[in-house]
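Trainee: I have just opened this structure and would like to learn how to read it. Could you take me through its features one at a time?

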Amino acid sequence: MERSVRELWAESRELLGLHAEDVPRADLPPAPLAFVRDHVSPGRPLIVSAAATRHWPAASLWPTESYLPDALHSTDVSVHLTPSGRADALAPHPHPRRPGARCFASAHVRRVDFPSAVRLIRGSDPAAGLVAYAQQQDDCLRGEYAAVAGDVDAHVPWASEALGCLPEAVNLWIGNSCSVTSFHKDHYDNIYVVLSGEKHFLLLPPTEHHRLYIRDYPAACYIAEQETEEVPPRLKLEIEEPERIVPWSSVDPYPASPEEMAAQASSFPLYFKGPRPIRCTVRAGEMLYLPSMWFHHVSQSAGPNGLTIAVNYWYDMQFDIKYAYFNFMRSLEIKHSPSDTSDDAIEGELEEKNI
């Protein structure tokens with residue numbers, strides 16, 4: 001079975017015409033018909049150059065240090081706080097009787113005025129145990145950030161025409177290099193637009209589901225140690241009650257040490273000894289089309305203003321025959337033999353991390 005799945009990985013990448021660090025780029029936004037034919041229908045990502053956003057006021061205003069704090073000076077926003085910059089990610093289980101176990105950890109969410117949120121984000125420091133990220137994901141650009149929503153297009157016209165609908169949600173993301181998003185997938189076609197700094201994506205197509213070892217983890221949440229309005233608060237992790245189970249990727253593609261790399265590679269060989277993930281960097285002004293169900297891991301670099309700022313448009317995916325095929329494929333149980341594969345991918349990851 002493993003051999004057949006590996007053949008599927010290779011064939012799907014060949015059909016998509018994708019290789020490591022090889023996401024297609026376009027100098028101009030595609031015509032809707034061409035976008036459907038070349039990207040939506042086959043499920044192929046696309047990066048569109050900064051020409052697509054040159055007319056947006058946000059393209060010139062948001063990267064400055066003062067515009068957003070001035071425009072939103074009296075606006076309360078939601079800021080997500082974690083000790084390490086990894087929200088919606090796996091963390092060590094907090095119970096002392098569960099050594100080695102992991103849980104799915106969500107951020108502590110605090111409402112603060114926008115200038116305070118920016119100060120928290122710029123002052124993020126994992127060594128000090130606090131990283132802030134504005135990542136509300138509830139159509140927040142048209143909600144709590146409505147005062148500046150007019151600085152970007154309400155939708156992406158060529159994508160809306162091609163997909164036959166308007167976006168269900170438009171979100172604003174503000175962070176810096178301390179924040180990392182773990183491997184996950186969304187049931188949306190995603191147009192992701194960077195306006196300050198850069199976003200660095202690792203991508204896996206839906207056919208490579210088994211490489212991420214999706215397993216069930218108990219849900220947990222960071223909470224303030226004392227129920228006060230102290231900012232920044234001291235955080236601790238607690239398991240949710242009643243118990244809630246979250247299926248999540250077990251793989252950390254960037255282990256922090258050679259020992260952790262060896263443990264990850266031994267536990268998750270389908271990832272570390274499989275084909276390299278597809279890598280791309282989306283720079284300020286550029287758009288990434290990420291098809292629904294694609295797995296993505298995201299890190300970021302701040303712009304000159306000390307922030308990484310992005311907007312994304314979520315369009316409802318089509319639950320068609322491809323979705324049925326995906327569900328069938330992920331139901332297959334893959335038994336792997338770590339000794340059957342080479343160490344090329346592991347060596348490449350070690351070189352990249354200088355481990």
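Mentor: Gladly! Keep in mind that this is a predicted model. Let us begin with a sheet: β6, β3 and β7 make an open sheet of 3 strands, in the order β6-β3-β7, with antiparallel pairing.

Trainee: Which strands stand at the edges of that sheet?

Mentor: β6 (108-113) and β7 do. Each has a single partner strand, so one side of each is left without a neighbour in the sheet. From one strand to the next, the twist averages 40°.

Trainee: How many bridges join β3 to β6?

Mentor: Strand β3 (residues 76-82) is joined to β6 by 6 bridges, and the two run antiparallel. To find the pairing on screen, look for Leu 81, whose bridge partner in β6 is His 108.

Trainee: Which helix packs on this sheet?

Mentor: That is helix α5 (residues 114-122), which touches β3, β6 and β7. The direction of α5 makes about 125° with that of β6.

Trainee: What comes in the loop between α5 and β7?

Mentor: Leu 130 is found there. Is it buried or exposed? Leu 130 has a relative accessible area of 13%, and buried means under 20%, so Leu 130 counts as buried.

Trainee: Which residues is Leu 130 in contact with?

Mentor: Leaving aside neighbours within four places in sequence, the contacts of Leu 130 include Leu 81, Thr 82 and Pro 83, as well as Leu 120, Pro 232 and Leu 235.

Trainee: Now I would like to understand aromatic rings. How is a pair of them described?

Mentor: A pair of aromatic rings is described by the distance of the centres and the angle of the planes. In this model the count comes to 13 aromatic pairs. One of them is formed by Tyr 133 and Trp 173, with 6.3 Å centre to centre and 45° between the planes, which makes a tilted pair.

Trainee: Where in the chain do Tyr 133 and Trp 173 sit?

Mentor: Tyr 133 is in strand β7 (residues 131-133) and Trp 173 in strand β8 (residues 169-175). They are 40 residues apart, and the pair links distant parts of the chain. Tyr 133 is buried at a relative accessible area of 6%, and Trp 173 is buried too, at 8%. Ring pairs also link Tyr 133 and Trp 173 with Tyr 192 and Phe 201 into a cluster.

Trainee: Which ring has a charged end sitting over it?

Mentor: Look at Trp 9: the charged end of Arg 211 sits over its ring, 5.4 Å from the centre.

Trainee: Let us go back to strands. How do side chains point along one?

Mentor: In a regular strand the side chains alternate between the two faces of the sheet. In β8, Ala 169, Asn 171, Trp 173 and Gly 175 are on one side, with Val 170, Leu 172 and Ile 174 on the other, and all are buried. With 7 of its 7 residues buried, β8 is largely enclosed by the rest of the structure.

Trainee: Which strand does β8 pair with over 7 bridges?

Mentor: β8 pairs with strand β18 (residues 308-316), in the antiparallel sense. One place to check is Gly 175, whose bridge partner in β18 is Thr 308.

Trainee: How should I read the faces of a helix?

Mentor: An α-helix has 3.6 residues a turn, so residues three or four places apart point the same way. Helix α7 (residues 258-267) gives you a case, with Met 261, Gln 264 and Ala 265 buried. Seen down the axis of α7, the buried residues fall within an arc of 95°, so they line one face of the helix. The face turned away from the buried side carries Glu 259 and Ser 266, which are exposed.

Conventions
Residues are numbered from 1 along each chain as its sequence is written. This is a predicted model: local features need pLDDT of at least 70, side-chain atom pairs count only at pLDDT 80 or more; totals for chains, interfaces and linings use all residues. Side-chain values use heavy atoms; hydrogens and water are left out. Rings of Phe, Tyr and Trp (its six-membered ring) pair if their centres lie within 6.5 Å; planes under 30 degrees apart count as stacked, over 60 as edge-to-face and the rest as tilted. Helices (H or I, at least four residues) and strands (E, at least two) are DSSP runs, numbered from the N terminus. Buried means under 20% relative accessible area, exposed over 50%, partly exposed in between (1.4 Å probe, protein chains only). A charge sits over a ring if NZ of Lys or CZ of Arg is within 6 Å of the ring centre and within 35 degrees of the ring normal. The arc is that of the directions from the helix axis to the C-beta atoms. Two strands pair if DSSP finds at least two bridges between them. Axes are lines fitted to C-alpha atoms, for helices over the stretch in contact, and angles run from 0 to 180 degrees between N-to-C directions. Contact means heavy atoms within 4.5 Å.
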